[in-house]
Amino acid sequence: MNFDGLDSGLGEYSPSLHPGIDPSLDNSIEHSLDPRLDPNLLQNVELEADGVQLDGMPVSVSESVHLVEGMYSALHRVVAEVGVPVTASHFDLQDELLWVGNHGGHATSFFGPTMERYSSFQVNATDDIRHIQSIDSGVLFLNKNNLKCFTRGGLIMFDYAMDEVEDMHSLLLTDNNSVLLGGLQNHVIEVDLNAVQESEKYTVEVPGVTIMRQSNRFFFCGHTSGKVSLRDLRSFKMEHEFDAYSGSLSDFDVHGNLLVTCGFSNRMNGLSCDRFLMVYDLRMMRAISPLQVHVDPLFLRFIPTYTSRLAIISQSGQCQFCEPTGLASPADIFHINTVGQLVMTFDVSSSKQALVFGDSGGCVHLWADSPDATFNAYSRETEFPMPCMVDTLPHLDWNDDLLPLSLIPVPLITESLLSDWPTANCSVTPRRAPPVDLEILRTMKKVGFIGYAPNPKTKLRNQVPYKLKEMDAEFDSYNQIPESPIGREEEPHLYMVPKKYRKVTIKYSKLGLEDFDFKHYNKTLFAGLEPHIPNAYCNCMIQVLYLLEPIRCHVQNHLCQKEFCLGCELGFLFHMLDLSRGDPCQASNFLRAFRTIPEASALGLILADSDEATGKVNLGRLIQSWNRFILTQLHQETQEQEGPQAYRNVMGSTFGSSGESVIGKLFGCEVENCSTCRCGKETVRVSSSLLFTLQYPDMKNADKSIRQYEFAEVLKRSICLEQNTQAWCENCEKYQPTVQTRNIRCLPDVLVINCEVNSRKEAEFWKCQAEYELHNKMRKEDLEAMKMKENNPTEWEALCNAEGLSFYTSIEELKNIWIPCSIKMKLTKTKELEVTNWTENEGLNPSEDEESTYLYDLVVTVAHILDPRTGGNLVAHIKVGETYHQRKEGVTHKQWYLFNDFLIEPIDKCEAVQFDLSWKIPCILYYARRNLNSKYDLTIKNPIEASVLLAEASLARKQRKCHATFIPLMLNEMPQPSDLVGLDAEFVTLNQEEAELRSDGTKSTIKPSQMSVARITCVRGQGPNEGVPFIDDYISTQEQVVDYLTQYSGIKPGDLDAKISSKHLTTLKSTYLKLRFLIDIGVKFVGHGLQKDFRVINLMIPKEQVIDTVYLFHMPRKRMISLRFLAWYFLELKIQGETHDSIEDARTALQLYRKYLKLTKHGIDVDEFRKILKGLYEKGRKMDWKVPEPEGEVQNSPKSAQFSHL
């Protein structure tokens, strides 16, 4: 019996098995937990009262426990594999063996009632075991899409693989030579065990056969829809059908003339366990009185010893015995001690003397009616491995050089050994060294006679495979020369993907990013995005949203109270992109908030670092799911408008609903879904859709060719979708074939399309349509050329004779194009949709109504670049509008650009719509309505107000006022433009850096450490309270910190924990808003090394607002000097003794700036200041840049001297 579908978190079971359990989950989720199952139950649990985990030894019943003859009681409990749920159990029909299989694909057998371990082996590496069946020669194991047979000792006999689309759940042994396999598909397969091949495939009317039984009259099939069908033993045709439950079927059993079922019913928009067992009389083929039980039935089985008893088992471990035609008594309820785990499988031995239960903690419970119970009435003798018959050999000390090897026993033979090959057959042939990778030779630098090159990472570290024939063939492939966008000349014949489309990486040096030439990749004034942050695969879609003007303005006007709001974080990021003049930005704060959204995690949008690095993820499918998620999330977050003080909730302002959000107005489309049953009943449901997915037609004609479709035709089919499916009809009160149609009631301003080219089938369709389109365009140009030649022969001859000119458009510009640059969509008066391919420069006819007819221009295409060497990447082609060019470059025009992380390059229009399916896969299309910007308010009103600087409560529970390290600004102290503010920040490490050692001994940084801001301090730069902090925020973090860097940051474990911290703890968003307000007001920040501080905080600040003391006291081509040395040299202060203090550092930077102003005052020219710097560098070299520490001197920090009054 197989019930894998009931707890889908314990295996890769189809969500459609029980669709009613949680309808909110997306269909793309492949691993989703049953909402009734606590995920903590799947962890390793303490199975003993004293806290010690069970090992693999059997746990026997205490001698004091007496088993009453004829009554079932717990006999033994063993652990098959700790923490791995048991998914299948089976009593061997030939031997005294009990078989169990688990979620990890491992099988274990136990001998007899003492449960001694007999054999244990791995059946499948990835899939769980769903059914076990013993046969005379071995044991059958059913997985998701294969059937394996092993000997009882663990040797494989055969492996029958099925199609990947199969999802098998049940197995039925019809005789010794054949089995029936059923699952979630609409057919049952019969497999011949002798030939190990499919002998018959039976189609079933109702898909989802998860349980199968057999009697002397029928095959019984249990379906996920709650039905039980009775089928002929020879033809497998359905003879009768019982509709047992409205929700789903969990188990049934047959004995004599009785069929008893248990299952789930639909109640309150969900599934609930039905406590009524449905009982059917097979003589009259009708239901008799149902049997009410006192447990939630999940398993049931007849135990026909003296009477036809039923055993009913609940998932929580309750067991009740009763008669199928009598009344169930609460006195007959027993409890299986699963220690809080869930019962996952149940079986009864053929002798009816033993019961077995498997739970989600990996435990197997054996119940029996006597201590010496047998599993079968007549079991054959079980074979055990022969004991070792070799005599004990004396211990040999191999470290003794004088030990005679003759002590090793060797049989005395006169014949030659098998290993003694004749000399003629032996020749010494050294193994040929594999050729050196061409990428290594191309990038190699020589020092003397030694060459060294960066590791191209094409092979495993410290391993050289000797597959010479394959390696020789690889030299002609495209994978050999991974030309980086920066570097040597292009060799197109050696590499398929053009240079600008390949994955770009940042080359780190000792200075980090300071000496990396981003300008080489981006010569525009638009800002790129850095790709080294986790989940930065969505960079291209962030650029798409930013370059849609209504979205850019809307999210920058948005501000709410939520700590992790994607709308707020996008607004902050878009503000940085606005300020940037070609310098790259990073979306670290946005991606940090993105990782906290539960829906993103549930949809599988959050990747582990290993997944991104190895390229195991289908980025095309992933970015389409991300596109759907971000539009839905922004629509929900911006659906309510905030009041003027919404962020701080001052003056009692509350959120007020304003109806539809700007996102809904831009992308939303009212959709009418109509379901028509064959009885004639229609059900209409109205919903809203933010995007559409392309649905491709049946592509094969009778002659196996793909016919031509226009893009507009496929788009209309996808929007106005019509499909046939099984659905519940209230009129018929059962599932019926239903025609579902979808129509739209209005047109969106921005049409978003997910292309869904996820398989070779869709790629072949797209490629064929592009070839048809190329053929049509070439034929059209030929006709135009012939017409011109007939009308103007003189002009035609002059044109043909002109050197370097051709009448035809370049064929390369016409290849691989199927999508049009413009489309026209019209809703008729009867709400019928018309879609037409349109030309870009053509407008509407004067007779057409602008309210019902929209012209859309293509503005965005997102592509997945297939590159086996780098794992692939995502790029976006974006048609940048006039407003962006006006702000960035001061000109008014439109231009297509390629956005590949921090590589930005203008491209031609045809390149944006060309998709060579061998390396460039279409993912997302955006069509925008013409003159879109004129329909929306594009003014940006900064939502951040001065109130963010006022006093606020700390998140820390133990923080008190006496521990305050700062004095908040008063209303009369509010900063003004050009005011000075001293700033310093401290950081902690979330991920360590990844580096490798080159062959020349230098270190190369592969991936920098990921830092997170932990403390931000701002001090007053003028006034009576100069030097007094007004911000000293410790930033609470929910992510795991791997290194607090206490020596350099002063942050200690616990300082960032709200439960135990005594600091002024705030959220990153709260402190970020304070800094944004200071930047927007125009203050000047003074600090030491502010570039790194602002980078980690994720802020973009105009250069004129930054005064960095590390550059004030710096000579060209010399080292940067530490704040500690500058303070000692110029201010005679000794700071940063044991740890760093951000208040002390910020105040010291302000004092150094005052000193700099004093040194560069009137009367001291540039040469004089250069002499001072020379003296500074000479002193530093003499002292090795270390501040002297005299013995016995007590160091007084400026903090203790000047800030003791707080």
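This is a predicted model: local features need pLDDT of at least 70, side-chain atom pairs count only at pLDDT 80 or more; totals for chains, interfaces and linings use all residues.

Modeller: The account below concerns strand β9 and the two strands beside it in the pairing. Residues are numbered from 1 along each chain as its sequence is written, and side-chain values use heavy atoms, with hydrogens and water left out. The mean pLDDT of the protein is 81, and 82% of its residues reach 70 or more.

Strands are DSSP runs of E of at least two residues, numbered from the N terminus. β9 covers residues 146-150, and five of its five residues are buried (under 20% relative accessible area, with a 1.4 Å probe and protein chains only). In a regular strand the side chains alternate between the two faces of the sheet. Here Asn146, Lys148 and Phe150 point one way, while Leu147 and Cys149 point the other way.

Two strands count as paired if DSSP finds at least two bridges between them. On one side, β8 (residues 139-142) runs antiparallel to β9 and is joined to it by four bridges. Valine 139 stands opposite phenylalanine 150 of β9, and a hairpin of three residues connects β8 to β9.

β9 also pairs with β10 (residues 156-161), in the antiparallel sense and over five bridges. In this pairing leucine 147 faces tyrosine 160 of β10. The hairpin between β9 and β10 has five residues between the strands, and its glycine 154 takes a positive phi near 110°.

Methods. pLDDT is the predictor's confidence in each residue, from 0 to 100. Buried means under 20% relative accessible area, exposed over 50%, partly exposed in between (1.4 Å probe, protein chains only).
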